[in-house]
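Please keep the sequence and the model side by side while reading.

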Amino acid sequence: DTIIFLFADHGESLNEHEIYFTHEGLYDVSFHIPLVITGKGIPKNKKIEALTQLEDLAPTVLDLIGVKYDPTIFDGKSLLPLIYGKEEEIRKSIFIEENNCGLKKRAIRTKKYKYMESPDKDHSICKLCNTTHGPIVALYDLEKDPDENINLAEKNKKITREMKSKLDKTLRELKTLNEKRRIQNFMTKL
């Protein structure tokens, strides 16, 4: 009756993007991690290429063990529709954020593109090594450049604006959701 989840909390940059032996930066090498789920009722040898986030694990576990919950308490989405082939994707994009060692960056990633930004130049400089890890604004075509070496932000301003708009919309939605949770929590204490 055991279901095993095998995953990591982050990847590791060994020298990509001049980042050495750490997981700084919002590049795929640092956050595209394996997730293996095995056990009773889980299809064998199935590989899923959908966009997911670690926050999807909690609702997935609860669904697998049959615990009812209010989905608004989680940012994540259950992976069961992917696991059992009912859906090809549960997300069109994923949101990534970094706030460490003075670096503050956020990104939105679709299957084709990744857009990342720092709110300002000061937050793009690592306080450990006094280096800027990547540009303040970047756009990568992940199909043509999976290693994220060619910044297209200046060259493809239309896609850059579209991805920035997706990121801003995601940030607004998360803020609204968190405000609803705060109010709901407050109301339950009355």
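Helices and strands are here DSSP runs, a helix having at least four residues and a strand at least two, and they are numbered from the N terminus. The model is a predicted one.

Most residues other than glycine have a negative phi. E148 is buried, because its relative accessible area of 2% falls under the 20% limit. A second residue of this kind is N45, whose phi is near 55°, again positive in a residue other than glycine. N45 sits in the loop between β2 (35–39) and α2 (57–64). Is N45 buried or exposed? With 84% relative accessibility, N45 counts as exposed.

Charged side chains come next. Side chains of opposite charge can pair when their charged atoms come close. The structure holds 14 salt bridges. One of them joins the side chains of K40 and D1, at 3.4 Å from N to O. This pair links distant parts of the chain, since K40 lies in the loop between β2 and α2 and D1 in the segment before β1 (3–7), 39 residues apart. K40 is exposed at 61% relative accessible area, and D1 is exposed at 84%.

E55 and R91 also meet in a salt bridge, at 3.6 Å from N to O. Here too distant parts of the chain are linked: E55 is in the loop between β2 and α2, R91 is in the loop between α3 (80–83) and β3 (94–100), and the two are 36 residues apart. E55 counts as partly exposed at 33% relative accessibility, whereas R91 is buried at 10%.

Within helix α4, K169 and E173 lie four residues apart, about one turn of the helix. Their side chains form a salt bridge of 3.6 Å, N to O. K169 is partly exposed, with a relative accessible area of 46%, and E173 is partly exposed at 45%. Salt bridges also link R106, E117, K164 and D168 in a network.

The last stop is a nonpolar patch on the surface, formed by I183, F186, M187 and L190, which together have about 450 Å² of accessible area. Of these residues, I183 is found in helix α4 (residues 157–188). I183 counts as partly exposed because its relative accessibility is 41%.

Technical notes:
Residues are numbered from 1 along each chain as its sequence is written. This is a predicted model: local features need pLDDT of at least 70, side-chain atom pairs count only at pLDDT 80 or more; totals for chains, interfaces and linings use all residues. Side-chain values use heavy atoms; hydrogens and water are left out. Patches are made of residues with over 30% relative accessible area and no salt bridge: like charges are joined within 9 Å, nonpolar side chains (Val, Leu, Ile, Met, Phe, Trp, Tyr) within 5 Å. Accessible areas come from the Shrake-Rupley method with a 1.4 Å probe; for residues, only the protein chains shown count as cover. A salt bridge is a side-chain nitrogen of Lys or Arg within 4 Å of a carboxyl oxygen of Asp or Glu. Buried means under 20% relative accessible area, exposed over 50%, partly exposed in between (1.4 Å probe, protein chains only).
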